[in-house]
Amino acid sequence: MDEPVRSWRERSSRRFAVLTGILSLALAVIGGRVFMLAYLTDPEIANRARRQQGDVIELAPRRGKILDRNGTLLAISRQMASVYAHPRKVQNKVAAARRLSPFVGRSPEAVLRDLRQNKNFVWIARQVSPAVRDDLERRPIEGVGSFPEYKRFYPSGPMAAHALGFVGLDGKGLEGIELAYDTLLKGKSSTLVITRDGLGNMIFDGVSDEYESEGQGLVLTMDLNVQSLVDARLQEAVDSSGAKRGWAVAMDPQRGEILAWSTVPSFDPNAFRTLSPHQWKNHLVADAIDPGSTLKAIVMTAALETDAFNEKDTLYCENGEYKFYDRVIHDFHKYERLNFLEVFQLSSNICAAKIGVDLGRKTVYEFVKKFGLGDRTGIDLPGEIRGLISHYSSWTPVDVANISFGQGLAVTPIQIAGVFSAFANGGQLVTPHLAKKVTDAHDRLVREIDFPPGRRVASARTIERAVRILESVVTDKGTGRLGMVEGYRAAGKTGTAQKLDPVTKTYSKDAYVASFVGFAPADSPRVVLLVMLDEPRKIIYGGVVAAPVFRAIMTELLPYLGVYPNSADVRTS
């Protein structure tokens, strides 16, 4: 009997020892965790714990400045006052509402509604004048106070607003450069910590600025002087033509740097909350439109690059009317025969269609894609779309003909500017961009911003021949004659594109986009300029309403860039 009892006792002793070991290990783990939380807690764990006890409100941070290429201030954050209330502690709510009303820009009735809420904490106004803080310090209101918070300001108002964008109440970028470079600009926020006791009463832990820091700054490629010039001339054109809106972009073709980014009408980013999203839509990257005759420059290049045509070839122009399958293609003027150069100088739809059909759908498609159409340019702005170009395998002969004179595909305005930058720089498709440098809080250089190198679209020899033809467009014999800039040789292309009717899904008979895109000086281009007028009411042709805007801007812009006129360089034929 003694042996079984002893065996049972030994087994029980071992079990007890194992159980004791497990409990000791568990207590050690728990103790270690308590020690870590008590003494080694990192800020994130502490913040998480505080959030579980109450509210942690992130205040708008001090974003970095945005400057133009000359150091002119485009966007800055200023410290303001955000006013709060503990409604249950405000004794005379009517008097408090009347007192606060003029400071916060709200009616006494609206403020009173907030003060009558059965809450521990309400915002009365965010990011208002610091004068309210000063007044509350002189004459305190029980239950009302303020916290410092930063608000974004745009000193130039509507100028370049579609490029700059804006930020929300929380200090986060919502559109434009402000959104594209939000992580870089926004810095680190301070936080307002609100905890509650066991009875639910509000206790302020105060504003933590332990980790607050100003964001880095940006220097843009834009030049506010150029922007002002482009805006003014574009506004004049919209007013005189009766257009719904106008777009223009000025770009350095060598580096892809945007000098001006203009949309008329513009908007004031300081007051964007009062506007509809359509008013701040960035049409230059977010609208897909038929390119019209500006696309003929690509078909021309394809014909030269593949040796399918040369400058001496002539084409029969059908005297202005060409029945092709079930369609009839028209020219504005009735031509019998034109040589290859004249086809593009005079912008013949019929002959461009014939050239495209002769090249074949695969070749036309390949060159359209080589020039970047149907793909995002990579510009550093949000909301860029690809456009709409179907694969050539689905193209009929009629599709090829239509596409060859710029109808039946949809591209963005910035893509068109990119195409002509490739002509201006010898054949490289560069990335258009607006950011140039990153700076610190004292405007000292941190780093340059790099973009992908250009991609060749055609041989240098072909581009040279194409530029000579584009130069002939901007002479007294070409469709772009009204774009001639006295004292300079310019090159470019006119465009008049029908718009799709959103209801019938067919081409409108009275809604057009008139455009002109070109560069100067033709032999050593400094700037590419695209001008587009959306639905001009009086005259619809790009050569008549858009080309003069090109001339007016270039006449002032080129001397500003240090390029001076030389009468010996003027070509008129």
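**Helix 12 and its surroundings in a predicted model**

Let me start with a helix pair: the axes of helix 12 (residues 296-305) and helix 14 (residues 349-359) come within 10 Å of each other and cross at roughly 45°, where the axes are lines fitted to C-alpha atoms, for helices over the stretch in contact, and the angles run from 0 to 180 degrees between N-to-C directions. That angle makes helix 12 oblique to helix 14, given that angles under 35 degrees count as roughly parallel, over 145 as roughly antiparallel, 65 to 115 as roughly perpendicular and the rest as oblique. The handedness of this crossing is left-handed, a word used if the near helix is turned anticlockwise from the far one by less than a right angle, with right-handed used if clockwise.

On the helix 12 side the contact is made by Lys-296, Val-299, Ala-302 and Ala-303, and on the helix 14 side by Asn-349, Ala-352, Ile-355, Gly-356 and Leu-359, with contact meaning heavy atoms within 4.5 Å. Sorted by class, the residues of this contact are six nonpolar, two polar and one charged, where Ala, Val, Leu, Ile, Met, Phe, Trp, Tyr, Cys and Pro count as nonpolar, Asp, Glu, Lys and Arg as charged, and the others, Gly among them, as polar.

Residues are numbered from 1 along each chain as its sequence is written, and side-chain values use heavy atoms, with hydrogens and water left out.

As for the overall picture, the protein has 20 helices and 23 strands, both taken as DSSP runs numbered from the N terminus, helices being H or I with at least four residues and strands E with at least two. Of its 573 residues, 51% count as buried, and here buried means under 20% relative accessible area, exposed over 50% and partly exposed in between, with a 1.4 Å probe and protein chains only. Among contacts with a separation of 6 or more, 72% come from residues 24 or more positions apart.

Which other helix does helix 12 cross at roughly 135°? The partner is helix 18 (residues 460-473), whose axis comes within 10 Å of that of helix 12, and the two are therefore oblique to each other, in a crossing that is right-handed. In this contact Ala-297, Met-300, Thr-301, Leu-304 and Glu-305 of helix 12 meet Thr-462, Arg-465, Ala-466, Ile-469 and Leu-470 of helix 18, and the classes are six nonpolar, two polar and two charged. As background for reading such lists, an α-helix has 3.6 residues a turn, so residues three or four places apart point the same way.

Turning to the loop between helix 16 and helix 17 (413-424), we find Ala-410, which counts as buried at 13% relative accessibility. Leaving aside residues up to four places away in sequence, Ala-410 touches Ala-288, Ile-289, Asp-290, Gly-387, Leu-388 and Ile-389. Its C-alpha lies 8.8 Å from that of Asp-287, although Ala-410 and Asp-287 are 123 residues apart in sequence.

Now for the backbone, where most residues other than glycine have a negative phi, and most peptide bonds are trans. In this model the bond from Val-264 to Pro-265 is cis, with omega near 0°, and Pro-265 sits in the loop between strand 12 (258-264) and helix 10 (277-280). The bond from Ala-520 to Pro-521 is also cis, with omega near -15°, and Pro-521 belongs to the loop between strand 22 (507-520) and strand 23 (527-534).

Asn-319, in the loop between strand 13 (314-316) and strand 14 (321-324), has a positive phi, near 55°, and is partly exposed at 38% relative accessible area. Asp-443, in the loop between strand 18 (435-439) and strand 19 (445-448), has a positive phi too, near 65°, and is partly exposed at 37%.

Lastly, how many disulfides does a search of the whole structure find? The search finds zero, a disulfide being a pair of cysteine sulfur atoms within 2.5 Å. Cys-317 is buried, with a relative accessible area of 0%, and for Cys-351, also buried, the value is 0%.

Methods:
This is a predicted model: local features need pLDDT of at least 70, side-chain atom pairs count only at pLDDT 80 or more; totals for chains, interfaces and linings use all residues.
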